[in-house]
Amino acid sequence: TSYFTNTSTTTKQDTTEQKEQKQKDAEIADMSTDTDFEQQKQKQKHNIASHNSLLSAIPSPYHEWFHRHLQHNEVHKIVDIYTHLTLMREQHRVQYQPSNGNAYSQYSELKSGEFNACISMVHTLMRNIHQSPMVEKYRRIRCGNKAFLKKIAHIHGSSLLLKLCGWDLIAAAAAETGHDSDGVYIFNPSLSNDWIEMVTTFLGFYMAQEIHANVQQQTTTVDDKNDND
């Protein structure tokens, strides 16, 4: 009788301890869930603040593109590209604007066309890599290449633009002999396809926005001139 009584008592104690342990485990799990939830809320708030800060640094016409890429870890680097493009364009405009202040003279439009051709060429270089990632020739640019010299090299700031996009310049002394004796740009092999796609689509979007803005400015200038006449 004593044996069965002790066994029964032990079983009840085990059952009670198991229930208490389960309750403790459940409380710990609830606390962990609450902590995870709070961490997620804080992270979400931080992301929203970061996104708002990023969007505040660029004009509203570009928000459409950036909203689609806010989750990308390196989207802030696209802001760097945009900022540099803006400085390049303004410096180019000031450099070649006639002394009479006419921003839309034939000469100014010619120089503006040269700048746009440079950005278009960089976009083409990125698009080639995006569309044919395994083709090695698209990942190298000879500094002595005629198209490179004509459309990119003479535009102030183009070297930094290429670097921001992912191109590394190998100086002449370190480049291979022969055709690469003038130096060569090589696209960084560590950069992901997502980055290549993001830069490519942004440059395309940038060109579309700037061309649209330029047409609007020219139309406004002509209308103002006609009103004055």
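A crossing of two helices is left-handed if the near helix is turned anticlockwise from the far one by less than a right angle, and right-handed if clockwise. This term is used in the second legend below.

**View 1. Overview of the predicted protein, with seven helices and three strands.** The model is predicted: local features need pLDDT of at least 70, side-chain atom pairs count only at pLDDT 80 or more, and totals for chains, interfaces and linings use all residues. Residues are numbered from 1 along each chain as its sequence is written, and side-chain values use heavy atoms, with hydrogens and water left out. Helices (H or I, at least four residues) and strands (E, at least two) are DSSP runs, numbered from the N terminus. Along the sequence, their order is α-α-α-α-β-α-α-β-β-α. The protein has 229 residues, of which 27% count as buried (under 20% relative accessible area; exposed is over 50%, partly exposed in between, with a 1.4 Å probe and protein chains only). Among contacts (heavy atoms within 4.5 Å) with a separation of 6 or more, 68% are between residues 24 or more positions apart.

**View 2. Helix 3 packed with helix 4 (residues 106-131).** Two packed helices are described by the angle between their axes and the distance between the axes. Axes are lines fitted to C-alpha atoms, for helices over the stretch in contact, and angles run from 0 to 180 degrees between N-to-C directions. Here the axes lie 10 Å apart, at an angle of about 155 degrees. Helix 3 is therefore roughly antiparallel to helix 4 (over 145 degrees; under 35 is roughly parallel, 65 to 115 roughly perpendicular and the rest oblique). Their crossing is right-handed. Helix 3 contributes Leu 85, Met 88, Arg 89, His 92 and Tyr 96, while helix 4 contributes Tyr 107, Ser 108, Lys 111, Ser 112, Phe 115, Asn 116 and Ile 119. Sorted by class, these are six nonpolar, four polar and two charged residues (Ala, Val, Leu, Ile, Met, Phe, Trp, Tyr, Cys and Pro count as nonpolar, Asp, Glu, Lys and Arg as charged, and the others, Gly among them, as polar).

**View 3. Helix 3 (residues 75-96) and helix 6 (residues 158-165).** The two axes come within 10 Å and cross at roughly 170 degrees, so helix 3 and helix 6 are roughly antiparallel. Asp 80, Ile 81, His 84, Leu 85 and Met 88 of helix 3 meet Ser 158, Leu 160, Leu 161, Leu 164 and Cys 165 of helix 6. This contact has seven nonpolar, two polar and one charged residues.

**View 4. Helix 4 and helix 5 (residues 146-153).** The axes come within 8 Å and cross at roughly 125 degrees, so helix 4 and helix 5 are oblique to each other. On helix 4 the contact involves Glu 114, Ala 117, Cys 118, Met 121, Val 122 and Leu 125, and on helix 5 Ala 147, Lys 151 and Ile 152. Seven of these residues are nonpolar, none polar and two charged.

**View 5. Lys 150 in helix 5.** Lys 150 counts as exposed because its relative accessibility is 63%. Its C-alpha atom is 9.2 Å from that of Glu 114, 36 residues away along the chain.
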